[in-house]
Amino acid sequence: MQHHFRCLAALLGAAILVTACGGDDSGDDKKQAKSFAQLDAFPSTYSIEQSKPVIIRNAIVLTGTGERLDNTDLVLEEGRIAKIGEKLRAPRDALEIDAKGKWVTPGLVDVHSHLGNYPAPAIESSQDGNEMTSPNTAEVWTEHSVWTQDPQFALALAGGVTTLQILPGSANLFGGRSVTLKNVPGRSVQDMKFPGAPYGLKMACGENPKRVYGGKGTAPSTRMGNVAGYRSAWIAASQYKEKWESYWENGGEAPERNLQLETLAGVLNDEILVHNHCYRGEEMAIMMDIAEEFDFEITAFHHAVEAYKVADLLAEQGVCAAMWADWWGFKHEAFDMTEANIAIVDQAGACAMIHSDSAIGIQHLNEEVAKAMTAGQRAGFDITPEYAVTWMTLNPARALGVEEETGSIEKGKMADVVLWSGNPFSVYSKAEKVFIDGELMFDLHDPARQPRSDFELGILNPEGERS
């Protein structure tokens, strides 16, 4: 995972240094940071202010680092996790919560969501997740399709999700850039954008691209056509990267900007993370071979129904796998499934996690992890709740390059915390309170802390019933 630490550090630096590229009459183009990520183009305006400190007392805490802490207090202050221990002194004017018999976990992180791009209501005019006009649409940015009023964000929040990655769909070989969001209300997507989070590139292998474009009578129509399309694009991106690096080093006339190649060059420059939709084991192996050929890294395979077949390769290459607990069989490439998939990948030493790809699944990721944990135990693996929680917290945070900020309960991290009514891996437990940066964003028992989209005004009354 060292790559993710390097990438986040590079991006944080770029956020300070990058100036507008192209269209600048001052002649200062070559003074810009040597970055293809273009963080200055649509910068995060995310800001949340904690209204008062919080102390949660006597909780059972799953830290997300493999520990379980009983009868533990947690202090959230100035948006961060300030203290963890027993019988802590409450900060002045703190909100005090007695959590005796209740459980606390880090905020849940979903690496694969389409909320905002495929919002509710699901009507044709709001379906903005797949730019199905070319096998390569690396130039599009999914944030430019996110409808922030999607009521599904609040439903995910009620399930404990505090951070989520919004991805383009999987119709294309290269679907475009992803964006990582904090799950808070925002007038614009920039108000939700996780500060400093790397961009991702959505890629797709297998059936979807060849079916979409083969059905249109154009390439690719086969899996070998898919691979040829990837390689041709990376060759062009390598040449584009070399031209800009020569300009940055030697000056002269700036190359013409190309938004498609800019994103791909960002991957080659270790600035943009690759999130690859891929089901079959041998195709994951091929994609890792392509990454080696062009000297980039695949951060995570998504869906990865056959990841168990290549778990050792994933571990060797440092590639994560984002998987379902028990979705399978809905098409040929998703048929050869085992419900112990997540556990097998994890036990091989690879980075394993749950993901949703579903506006419903995102509401109960804790139950999905419970199913995966149980399947792993039945397969003979010793998996405890304090370990399994990492599949929905720290590991997905790692895959998004934000693990130093969120994904575990550690002093100094963002105070993204969920208080559960009981064991989070019980079907009877609910997320009672959800904190983001220390602010109480959801309270099961307080309608005033159950956010509603502006779109719902006039449709729902304040109690949540239909008018």
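A helix axis is a line fitted to C-alpha atoms, taken over the stretch in contact. Keep that in mind while looking at this predicted model. Two packed helices are described by the angle between their axes and the distance between the axes.

Start with helices α4 and α5. Their axes come within 8 Å and cross at roughly 80°. An angle from 65 to 115 degrees counts as roughly perpendicular. The helices α4 and α5 are therefore roughly perpendicular to each other. Which residues of α4 meet α5? They are Ala233, Trp234, Ala236, Ala237, Ser238, Tyr240 and Lys241. On the α5 side stand Leu261, Glu262, Leu264, Ala265, Val267 and Leu268. Sorted by class, the contact of α4 with α5 has ten nonpolar residues, one polar residue and two charged residues.

Now stay with α5 itself. This helix covers residues 259-268. Is it mostly covered or mostly open? Mostly covered: eight of its ten residues are buried. Here, buried means under 20% relative accessible area. The buried residues are Leu261, Glu262, Thr263, Leu264, Ala265, Gly266, Val267 and Leu268. What do they pack against? Their partners are the strands β8 (174-182), β9 (200-204) and β10, together with helix α4.

Helix α4 also meets α6. Helix α4 runs over residues 223-250, and α6 over residues 281-293. Their axes come within 11 Å and cross at roughly 20°. Angles under 35 degrees count as roughly parallel, and α4 and α6 are therefore roughly parallel to each other. The crossing of α4 and α6 is right-handed. From α4, the contact uses Arg223, Val227, Tyr230, Arg231 and Trp234. From α6, it uses Glu283, Ile286, Met287, Ile290 and Glu293. Look at the spacing of these numbers along each helix. An α-helix has 3.6 residues a turn, so residues three or four places apart point the same way. By class, the contact of α4 with α6 holds six nonpolar, no polar and four charged residues. Trp234 of α4 belongs to this contact, and Trp234 is also among the residues that meet α5.

Next come the aromatic rings. How many aromatic pairs are there? The count comes to 16. A pair of aromatic rings is described by the distance of the centres and the angle of the planes. Take Tyr279 and Phe330. Their rings lie 6.1 Å apart, centre to centre, with 70° between the planes. That pair is edge-to-face. Tyr279 lies in the loop between β10 (273-278) and α6, and Phe330 in the loop between β12 (320-323) and α8 (341-347), so the pair ties together parts that are 51 residues apart in sequence. Are the two partners buried or exposed? Tyr279 counts as buried, at 4% relative accessibility. Phe330 counts as partly exposed, at 44%. Elsewhere, Phe36, Tyr240, Trp244, Tyr247 and Trp248 form one aromatic cluster. Tyr240 also takes part in the contact of α4 with α5.

Move on to Ala372. Where does it lie? It sits in helix α9, residues 365-378. Ala372 is buried, with a relative accessible area of 1%. Leaving aside neighbours within four places in sequence, Ala372 touches Ala325, Ile342 and Trp391. Leu440 is 68 residues from Ala372 along the chain, and their C-alpha atoms are separated by 29 Å.

Last, follow the backbone. Most residues other than glycine have a negative phi, and most peptide bonds are trans. The peptide bond from Ala120 to Pro121 is cis, with omega near 5°. Pro121 is in the loop between β6 (108-113) and α2 (152-158). Another cis bond joins Ala219 and Pro220, with omega about 0°. Pro220 lies in the loop between α3 (207-214) and α4.

Two residues other than glycine have a positive phi: Gln38, near 55°, and Asp93, near 60°. Gln38 is found in the loop between α1 (2-17) and β1 (54-62). Asp93 lies in the loop between β3 (80-85) and β4 (95-98). Which is buried and which is exposed? Gln38 is buried, with a relative accessible area of 4%. Asp93 is exposed, with a relative accessible area of 58%.

Technical notes: Residues numbered from 1 in each chain as written. Predicted model: local features only at pLDDT ≥ 70, side-chain atom pairs only at ≥ 80, totals over all residues. Heavy atoms only, no water. Axes fitted to C-alpha atoms, helices over the stretch in contact; angles between N-to-C directions. Helix = DSSP H or I, 4+ residues; strand = E, 2+ residues; numbered from the N terminus. Parallel < 35°, antiparallel > 145°, perpendicular 65-115°, else oblique. Left-handed = near helix turned anticlockwise from the far one by under 90°. Contact = heavy atoms within 4.5 Å. Nonpolar A, V, L, I, M, F, W, Y, C, P; charged D, E, K, R; others polar. Phe/Tyr/Trp six-rings, centres within 6.5 Å; stacked < 30°, edge-to-face > 60°. Buried < 20%, exposed > 50% of the residue type's maximum accessible area, 1.4 Å probe, protein only.
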